[in-house]
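The following questions and answers go through one protein model, and each answer works towards the value or name that was asked for.

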Amino acid sequence: MKKRKAMLGTLLVGVLLASTVLQGCGAKQDNSGKVEIELLQYKPEATKFFDKIAEEFNSTHDDIHLTISSPNDAMTILKTRLIREDYPDIVGIGGDMNYSYFVDSDILADVSDYEGLKKIKPAYVEILEGLEFVPTEGTFGVPYVANAAGVLYNREMFQEHGWEIPETWDEFMTLCEDIKAAGIQPLYFGFKDTWTCLAPWNALAVDLAPADVCKQVNRGETTFTEEYREISEKMLEMLAYGQDGPFAYGYNDACTAFANGESAMYTIGSYAVPQIKSVNPDMDIDSFVMPGCDDKDGNILNSGVDLQFCVTKECKNKEAAYEVLDFFLEHDSVQKYLDDQNAVPCLDEEFDLAPMLDGMKDYITAGKMVDYQDHSYPSEMAVDAQIQTFLLKQDVDAFLTKFDTDWKRYNRDIIRKVEDYEASQAN
């Protein structure tokens, strides 16, 4: 328990919450002897889906009552509740650094005995295992849905001009030249919002760097200076095909410009489509995998677990929690989520996918995908801001040197943990 509090305390440094916000978060209802299961999930944009699921579950189950909380700033509330030992039974979170800390803090239950895991594509289970600081026996999350990042494009515009989808980096650069020659802006960036710098960065990184590069660096086997140089150089090449002054425009600006036909392509994830469609509901959007390699066979889909369900160790009735997960994993439930959120299913079944994923279907079906590398970056390192600064100054060497230096600074505890683990394995 001390380990849990110490790790979560690190996550909560600088976070101040009024106690009134937290009162009642873990309240249990009296439902005539039914087993109470509480699920706290972090995606407020999907609240309507979760409310409907809870209603459907409760109307079809006589022995279990499900309560789903979908608060704003859910991760802060969740971390604070964990510190107070006020545990939900199930948490719905992303596959990112927070998940890594939760596994390391011994907060999540091992769900490797859950039969529903057999329905999940192995690639997504492997993505979660790859987030562990050191190999940990067991499985601690059930991947539910993912998202995908690459290049969105205006399908109608491409068809009108006869442009082909590029499969290599040279073809991509040639396409940008052809689009520019037609008097159209090839790409649009919203780099005023630093987090958008990570979208093309991640999409290139899965093609050009080892999937476990962060772990390799932690083990002292390589450096980011060595592994990230080509990514950095190609980021600068792409920048030349964006609008003038991309650092003056934010995410909403870029979505609006793309929706209005001001560019043929937009290097962002599928999660941006609802925002784009809010501007131009009739826009015909498709996507393709970032062709970062010189050989098309080297290209990989950048896809990560956007939502997974984890049972906490303090859950009093794991069997009831599994019954809730069974309900979520029913084909109709998953399809409803996909329709609502334009997501990618983690289940290894046939689903109707949103049309903007047409160009990525082969990769999704084959499971040819790698997680977002920023899911392993500590938030304190502010890599998104570092990339923005690099793109402004365009000094590759200075950027990579700082990346390596800052990595050692902000990951020293994890690096020490890895060293201890490696030493224990050697002995």
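Q: Which residues lie nearest the centre of the largest pocket?

A: This is a predicted model, in which local features need pLDDT of at least 70 and side-chain atom pairs count only at pLDDT 80 or more, while totals for chains, interfaces and linings use all residues. Residues are numbered from 1 along each chain as its sequence is written, and side-chain values use heavy atoms, with hydrogens and water left out. A pocket here is an open set of points on a 1 Å grid over the protein atoms alone, where a 1.4 Å probe fits and protein lies on both sides within 12 Å along at least five of seven lines, and lining residues have an atom within 4 Å of a point. The largest pocket is lined by 41 residues, and those nearest its centre are Y42, D96, L198, D374 and H375.

Q: What volume does the largest pocket have, and how many charged residues are in its lining?

A: The volume, taken as the space filled by probe spheres set on grid points that are joined across faces, edges and corners, is about 1,300 Å³ for the largest pocket. Residues are classed as nonpolar (Ala, Val, Leu, Ile, Met, Phe, Trp, Tyr, Cys and Pro), charged (Asp, Glu, Lys and Arg) or polar (the others, Gly among them). On that basis the lining has 21 nonpolar and twelve polar residues, and the charged ones number eight.

Q: Which residues lie nearest the centre of the second largest pocket?

A: The second largest pocket holds about 450 Å³ of space, and its lining comprises 13 nonpolar, seven polar and five charged residues. Of the 25 residues that line this pocket, those nearest its centre are G130, L131, A211, D212 and S376.

Q: Which elements give two or more residues to the lining of the second largest pocket?

A: Elements are DSSP runs numbered from the N terminus, with helices (H or I) of at least four residues and strands (E) of at least two. Those that give two or more residues to this lining are α5, α6 (122-130), α10 (213-218) and β10 (369-370).

Q: Which residue in β3 stands opposite Q41?

A: Strand β1 (residues 35-41) has six of its seven residues buried, where buried means under 20% relative accessible area with a 1.4 Å probe and protein chains only. Two strands pair if DSSP finds at least two bridges between them; β1 pairs in the parallel sense with β2 (residues 64-69) over six bridges, and V35 has I64 as its bridge partner there. With β3 (residues 90-93), β1 also pairs in the parallel sense, over three bridges, and the residue opposite Q41 is G92.

Q: What is the strand order of the open sheet of three strands?

A: Strand β5 (residues 151-154) is joined to β7 by four bridges and the two run antiparallel, with L152 opposite S287. The edge strands, each pairing on one side only, are β6 (265-266) and β7 (285-288). The pairing in this sheet is antiparallel, and the order is β6-β5-β7.

Conventions:
Buried < 20%, exposed > 50% of the residue type's maximum accessible area, 1.4 Å probe, protein only.
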